[in-house]
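Visitor: I would like to learn how to read side-chain packing and backbone angles in a model of this kind. Could we take one feature at a time?

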Amino acid sequence: MPPLAVALLLVLAAYLIGAVPFGYLVGRVRGVNLFTAGSGNIGATNAARVLGARYGVLVFLLDFLKGALPVALIVPLAKFLHPDAATALGEPDVLRVAAAGVAFLGHLFPVYLGFRGGKGVATGAGAVFVLVPGPAALAVLAWVVVLLASRTVSLASLAAVAALVAARLLGTPAPFGQQALPITLFTIIGSALVVVKHHSNVRRLLMGTESRAFLDGPRRRGWVRGLHVVALGMWFGGAAFFNFAAAPAIFDSFARVVSDGPSDRTANVTIIRQDAPEDEKKALASALAGSAVGPVFPRYFGMQAVCGLVALVTAMSWYGAGGRVHRRRVHLLVAACATVAVAWPLSNYVSEIRLLRFSTDPVVALGAKEAFGPWHLASLLLSFVTVCLAGAALALAGSLPHDDNPVA
């Protein structure tokens with residue numbers, strides 16, 4: 001059989017697996033037609049609402065696996081059946097994405113039920129966990145945090161797909177490059193389809209009539225408080241340590257290396273003439289330190305963004321309590337998140353012009369030298385403001401709501 005035919009048959013099999021309506025089947029085993037019960041959906045949420053939590057978990061796991069297994073197994077199976085089948089559609093990632101896409105579509109439009117299916121969250125989650133585990137983990141975190149804070153499954157699902165797309169676009173060096181494009185398109189198009197399938201939920205959310213999940217009580221409120229405090233602690237502690245301890249030590253270390261070289265720190269290699277002007281030595285030390293710190297920035301700002309959003313989402317659940325401190329908490333966190341959003345691209349720009357000061361083009365070098373000082377100062381000030389705002393929000397954590405006065 002030609003390799004292309006093998007690849008296409010495996011993609012068809014992925015659709016047929018994704019189309020298996022586990023929610024409908026579990027409901028039928030329990031004597032319930034989920035199309036006519038609850039919200040009328042055959043997904044895990046309605047299964048939990050109608051059949052009970054354990055059946056909802058069972059449906060979620062089965063739907064998750066029918067998205068994950070075709071993506072994980074299609075390339076090994078293709079290679080087993082034909083040496084060239086895995087690359088018949090292009091790079092192996094293209095075959096994986098094809099399997100993910102058709103399994104996802106199979107859940108949305110199952111042939112076994114007249115193309116009437118679920119909303120695709122669990123099946124899509126299984127597929128993306130195999131394709132992009134990092135962004136998928138952030139999407140799960142977003143789902144958990146928003147669900148605990150709002151008790152609204154549909155809102156949590158929409159937040160999860162938004163987090164997935166954001167993580168893919170921000171965490172991939174060239175998300176629309178030739179190699180990364182198939183997975184990027186899958187995350188964007190798949191997330192858009194999830195939003196479309198939730199159109200009725202979106203309408204109810206805007207009207208304020210969307211139903212909330214059954215989970216509530218002191219345990220949930222304790223989890224919300226815990227997530228809020230942990231996020232703020234990591235945010236403030238990480239930012240304060242990086243800005244006031246780690247970064248200054250790194251820059252001082254490189255200044256000594258440049259000043260004392262050649263030495264064992266430079267492998268006894270001369271990296272700059274000892275009679276070079278002090279300004280030139282300082283610029284080289286700054287450039288070397290920047291090259292060491294620069295790769296940390298994506299993870300550093302990513303950590304700040306995640307912690308800030310977790311703290312903000314959990315704080316929003318107390319905003320309507322009526323107390324001034326709860327409103328002030330949200331306002332502080334909005335401002336702190338805004339400083340991170342501005343400081344992230346600004347720091348990337350500063351890292352670029354830090355190295356451009358040594359360009360062989362004198363015009364480029366001069367422009368970078370003139371721009372570096374003011375923009376570097378602005379970046380440092382923004383980081384200082386972020387630390388102060390996060391610290392103030394952490395201080396307000398001493399006045400979180402208690403179970404004897406629940407507001408979430």
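**Loops, backbone angles and cores**

Guide: Let us begin with Arg 151, which lies in the loop between α7 and α8 (153-171), bearing in mind that the model is predicted.

Visitor: Which loop holds Phe 115, and what is the phi of Phe 115?

Guide: Phe 115 sits in the loop that runs between α5 (92-108) and α6 (121-131), and its phi, near 65°, is again positive in a residue other than glycine.

Visitor: Turning to packing, which members of the largest nonpolar core touch the most other members?

Guide: The general idea is that, in soluble globular proteins, nonpolar side chains tend to be buried together. Here the largest nonpolar core has 42 residues, and those touching the most other members are Leu 232, Trp 235, Phe 242, Phe 297, Tyr 300, Phe 301 and Leu 333. Two or more residues come from each of α7 (133-150), α11 (218-260), α13 (297-316), α14 (324-356) and α15 (362-395), with α14 giving the most, 11 residues.

Visitor: What does Phe 301 contact beyond its neighbours within four places in sequence?

Guide: With those neighbours set aside, Phe 301 is in contact with Val 340, Ala 343, Trp 344 and Ser 347. There is also a second, separate core of 15 residues, among them Ala 7, Val 11, Ala 14 and Ala 78.

How values were computed. Residues numbered from 1 in each chain as written. Predicted model: local features only at pLDDT ≥ 70, side-chain atom pairs only at ≥ 80, totals over all residues. Heavy atoms only, no water. Core = buried A, V, L, I, M, F, W, Y, C linked by side-chain atoms within 4.5 Å. Buried < 20%, exposed > 50% of the residue type's maximum accessible area, 1.4 Å probe, protein only. Helix = DSSP H or I, 4+ residues; strand = E, 2+ residues; numbered from the N terminus. Contact = heavy atoms within 4.5 Å.
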